[in-house]
Amino acid sequence: MGFSFDLLFQGFVTALSWQNLLWALVGCFIGTLVGVLPGIGPASGIAILLPMTTVLPPTSAIIMMAAIYYGAMYGGSTTAIVVNIPGEASSVPTCIDGYEMAKQGRAGPALAISAVSSFFAGTLGLFGLTFFAPLLADFAVVFGPPEYFALMLMALTLIISLSGRALLKGVISMALGLIVSLIGQDPLTGATRLTFGSPKLLAGIDFISVIVGLFAISEVMINVESKIASITQKIGRWLPTFWADTKQCLGTMLRCTGVGFFLGLLPGVTPSVTTFVAYDLEKRVSKHPERFGHGAIEGVAAPEGANNATSTAGFVPLFSFGLPTAPSMAVLLGGLMMYGLQPGPMLFKQNPQFVWAVIASMYIGNVMLLVLNLPLVGMWAKICVIPFYILGPLIVFFSVLGTYSIRFIAFDVWVMLIFGVIGYFMRKLGFPVAPMVLATVIAQMMETSLGQSLLISQGSPLIFFTRPISAVFMGLAILSIGRGIWIQVRSKAPEVAIEESD
Amino acid sequence: MEWQRTPEDSVYSEVVVKTLRPVDIAVGCFLALLGLFIIYEASLIRMGVARSLSPRTIPYALGFLISFCGIGLAVKSWRFRGEDPKINWPNREGVGIILVQLICLACYITLMNPLGLPLSTFLYVTFSIWCLKLSKRGMTMAIVIGLFFGIISYYVFIQLLGLSFPAGFLFE
């Protein structure tokens, strides 16, 4: 079941069909657009489009969704460099040196190195995905329900403990996400749960309405409070210094790929975290750290490479264990489940054509993104000045279309509106959104594996500690919660979550 | 993922600022009550066939967890004596704009079935852009953009993709 060149080759054959190439290109284009435009991120972008992809075959749909995710990582740097507005939270460190370069008339070289570093790290990360994911899937074959429950619990606790100083708020956010997904009928007994007497809640709440509300609608609500700055920088020519800049940043690109990829394998470590780590590392190893913050080209290459390596690394636990490490991955997991595909070790065994086609399409997508981002950088820079009084209503329009097309009932759109308001207050009050999103998506799998585990052990919860792999995961879960409590006790600071990326 | 927010380009010159501590105490108390309500609702779940994991177990556990964390949040905030973080709430004008946008969205959802997707989209996009721009030139632009997306919603999403959106009396 492990890696074989034959399977990868077959994947390339599938990915190179004109339909899949077209959908990969559409995904790369939408992804770059989502990255360029502030106010909409990859999680909401994918969630909005997911229900509308039902007209496509599963492989084409997931190829497009994946391309939106890694395409957004490319696009986020454009506004960060040209107008000092990060298109995504992961592009915040890019602003530091990228905008300085733009002010010095070197926006072109900054955008070029950003695209090249993204391509380099994305492609190297894909090698990691190609070889690591089947290996991990082989390992995960021995996983039973207790191991899966412990793994998902560990992922949730890691995400909560990485929410900054907001441990209690993180736990509340997770618990609310789990409660939301419990609403409706019990999948095993058919008993109605937490419907509060409303017949509309019998069918449950769809996670897409929750995610679109939490990310897209709340972001629109926050952004109508501000207005956009206008472009003042000239792009400048990037070709004359291209090879010299690339040569100068080669070491940086290798280091940031390593940082981004290996940290990105962990749940909760999103690109917005690894970009800061990569930037900081590059500053430390640099012979001229004083140049950082004043237009150092390595300061652009490092975060841009790291976010692409991280986004690729997120596919390793998703494909091998069925474990989402970030909100965008949770939406992709939901997409896979929507198509009746169960990510995890059996995905490589039962649907090898699908999984290898998606992996192969990512190699192709990276080349497409390089082509889209290098020559067309001026176009992307112009798109980012669409004023929010136009962009906001259009984001809402697409959000409504996306949520309505889940089940074609207005109830789902009302749910989206309610969660938009909840998301707005969560952001204002420093509640992390990521634990809620992840909990909403994986709740059903957690409940099923918990039920099956207790059935095996005849009701004894000790099963999670007597099996070695699940005991390790439970131990890590307890450690990460312990770490969170320790930070809380030591800091004595108020509960405020760190800025999140979707 | 944020717009550049600087004092000089803020739409609203006065921003109502309140601190997090009192809000956290109130939210903590609310969550404690919400947890209790969930526990009560969980007690109404019919047990059905006996199995290893009762349908009440997880809702009970989560209700207790929310209640406990809510109390913890309220107590922690109440005991906190350091520098209190500020919350940048929008001022009255900002609240008004957000409310108008939410009302526009609520009307959009309500009108989608009786009027159909194209017409309700045209009305929503037009009014929403106009409300945010609020100028004579803005109205013309809003109508053009609204019309464009109303037509797109019909030809792309209903005709081309064949999705089951309500077309409305104009297109039936």
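Trainee: How many helices and strands does chain A have?

Mentor: Chain A of this predicted model has 23 helices and two strands.

Trainee: And how compact is chain A for its length?

Mentor: As compact as a globular protein of that length. The radius of gyration is 22 Å, close to the 23 Å that the globule rule gives for 502 residues. Along the principal axes, its C-alpha atoms fill a box of roughly 70 × 55 × 50 Å.

Trainee: What share of chain A is buried?

Mentor: Buried residues make up 65% of the 502.

Trainee: What about contacts in chain A between residues 24 or more positions apart?

Mentor: They account for 82% of the chain A contacts with a separation of 6 or more.

Trainee: Let's talk confidence. What are the ipTM and pTM?

Mentor: The model scores ipTM 0.88 and pTM 0.82.

Trainee: What does chain B average in pLDDT?

Mentor: Chain B averages 83, and 87% of its residues score at least 70. Residues 1-15 of chain B are below 50. That stretch still has 35 contacts in the model beyond near neighbours in sequence. Where pLDDT is low, predicted coordinates should not be read in detail.

Trainee: Noted. How is chain B divided?

Mentor: Into domain 1, residues 17-88, and domain 2, residues 92-160. The C-alpha centres of those two domains of chain B lie 37 Å apart.

Trainee: Now the core. How many residues are in the largest nonpolar core?

Mentor: It has 208 residues. Those with the most contacts inside it include A:Ile46, A:Met65, A:Met152 and A:Leu332.

Trainee: Which element gives the largest share of this core?

Mentor: Helix 6 of chain A, residues 107-140, with 17 residues.

Trainee: Where does this core lie relative to the two domains of chain B?

Mentor: Between them, because domain 1 (17-88) and domain 2 (92-160) of chain B both give residues to this core.

Trainee: What does A:Ile46 touch?

Mentor: Leave out residues up to four places away in sequence, and A:Ile46 touches A:Met65, A:Ile68, A:Tyr69, A:Ser328, A:Val331 and A:Leu332.

Trainee: Now chain B's helix 2. How far does it reach?

Mentor: Helix 2 of chain B, residues 57-79, reaches 33 Å from its first C-alpha to its last. That is close to the 33 Å expected at 1.5 Å a residue for its 23 residues.

Trainee: Which residues of helix 2 of chain B are buried?

Mentor: Among them are B:Ile58, B:Leu62, B:Ile66, B:Cys69, B:Leu73 and B:Ser77. An α-helix has 3.6 residues a turn, so residues three or four places apart point the same way.

Trainee: What do the buried residues of helix 2 of chain B pack against?

Mentor: In chain A, they pack against helix 8, strand 2 (192-193) and helix 21 (434-456). In chain B, they pack against helix 1 (20-43).

Trainee: Let's look at phi angles. What is the phi of A:Leu194?

Mentor: Positive, about 50 degrees, although A:Leu194 is not a glycine. Most residues other than glycine have a negative phi. A:Phe196 also has a positive phi of about 50 degrees.

Trainee: Where are A:Leu194 and A:Phe196?

Mentor: A:Leu194 is in the loop between strand 2 and helix 9 (207-223) of chain A. A:Phe196 is in the loop between strand 2 and helix 9 as well.

Trainee: Is A:Leu194 buried or exposed? And A:Phe196?

Mentor: A:Leu194 is buried, because 20 other C-beta atoms lie within 10 Å. A:Phe196 counts as exposed, because it has 10 C-beta neighbours inside 10 Å.

Trainee: What follows helix 19 of chain A?

Mentor: A:Phe408, whose phi is positive, near 60 degrees.

Trainee: How many residues of helix 19 of chain A are buried?

Mentor: 16 of its 20, so helix 19 of chain A is mostly covered. Its end C-alpha atoms are 30 Å apart, which agrees with the 28 Å it should span at 1.5 Å a residue.

Notes: Residues are numbered from 1 along each chain as its sequence is written. Chains are lettered from A and ligands numbered from 1 in the order in which they are written. This is a predicted model: local features need pLDDT of at least 70, side-chain atom pairs count only at pLDDT 80 or more; totals for chains, interfaces and linings use all residues. Domain bounds come from an automatic or database domain assignment. Helices (H or I, at least four residues) and strands (E, at least two) are DSSP runs, numbered from the N terminus. The expected span of a helix is 1.5 Å times one less than its number of residues. A residue is buried if 20 or more other C-beta atoms lie within 10 Å of its own, exposed if 12 or fewer, and partly exposed in between; C-beta atoms are placed from the backbone. Two residues are in contact if their C-beta atoms, placed from the backbone, lie within 7 Å. A nonpolar core is a set of buried Ala, Val, Leu, Ile, Met, Phe, Trp, Tyr and Cys residues joined through C-beta atoms within 7 Å. The radius of gyration is taken over C-alpha atoms; the globule rule is 2.2 Å times the number of residues to the power 0.38. pLDDT is the predictor's confidence in each residue, from 0 to 100.
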